[in-house]
Amino acid sequence: MASSAQQAWWWVQDYAWAACAAAATLAAPASPESYARGTGRPVLVLPALFENWRFVRPLISHLHRSGHPVHVVEELGANQLPISAAAALVLDTVRHRGLSHVTLVAHSKSGLTGKLAMLRDQEHRITDMIALCTPFAGSSLAGLLTIGGAAELAVDAELIRSLAEQHQVDHRITALSVRFDEHVPEGTRLPGARNVTLPFTGHFRATAHPAALDAITAALATPAS
């Protein structure tokens with residue numbers, strides 16, 4: 001187990017990366033529609049709490065360069081909506097865009113949004129989900145935030161318990177974890193899913209690290225089923 005000093009350094013590294021990623025959003029295009037063209041399977045990318053689609057643009061760009069039409073839910077904004085409302089927006093977006101055989105690629109909180117959307121997907125438009133650093137069992141650190149709906153991510157939150165009791169779609173989820181996730185001390189493993197631990201540290205870096213992008217590409221090539 002890593003020392004406290006080592007873990008603190010990993011925190012610093014990841015937050016420094018996140019600061020650079022936030023600054024880079026200023027160079028993002030005004031609209032994500034240029035990424036929605038491609039001949040591969042459609043992908044819907046869902047950012048984490050306090051993130052918008054521009055923050056995860058390295059991930060979006062990678063998927064688009066790989067030939068996938070990439071869609072986002074602009075109405076999510078910085079993703080501070082309740083998870084149930086966000087899941088409804090996901091389903092509305094998929095339906096209104098006429099998408100089918102969609103793979104969700106979700107970071108952190110949005111993996112919970114994606115699982116709820118899959119459970120509610122009566123039209124069977126969503127094929128599978130790749131979740132990055134998602135607190136499927138909640139996070140003991142969620143109580144430190146009182147804004148943005150972070151309380152929904154607490155280990156004893158009603159939604160966390162409810163989703164954990166519903167296993168119907170778990171086999172269609174690939175859960176990607178990192179060696180050390182400063183935001184989810186409990187870990188992000190999901191029983192019944194295809195679980196992969198990536199060889200680096202950092203909650204935010206998981207959206208752009210080459211090893212993460214390679215793992216996402218591999219998961220898209222062999223969808224969980």
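In which helix do Trp-11 and Tyr-15 both lie? Select helix H1, residues 4-24, and you have them: the two sit four residues apart, about one turn of the helix. Helices here are DSSP runs of H or I with at least four residues, strands are E runs of at least two, and both are numbered from the N terminus.

Before you go on, know that this is a predicted model, where local features need pLDDT of at least 70, side-chain atom pairs count only at pLDDT 80 or more, and totals for chains, interfaces and linings use all residues. Residues are numbered from 1 along each chain as its sequence is written, and side-chain values use heavy atoms, with hydrogens and water left out.

Now for the rings. Searching the whole structure turns up six aromatic pairs. Trp-11 and Tyr-15 form a stacked pair, because their ring centres are 5.8 Å apart and their planes are at 15 degrees. (Rings of Phe, Tyr and Trp, the latter by its six-membered ring, pair with centres within 6.5 Å; planes under 30 degrees apart are stacked, over 60 edge-to-face, the rest tilted.)

Colour by accessibility next. Trp-11 is partly exposed at 33%, and so is Tyr-15 at 39%. (Buried is under 20% relative accessible area, exposed over 50%, partly exposed in between, with a 1.4 Å probe and protein chains only.)

Then select Trp-17 and Phe-55: with centres 6.1 Å apart and planes at 85 degrees, this pair is edge-to-face. It links distant parts of the chain, 38 residues apart: Trp-17 is in helix H1, Phe-55 in the loop between strand S1 (43-46) and helix H2 (57-65). Trp-17 is partly exposed at 24%, whereas Phe-55 is buried at 9%.
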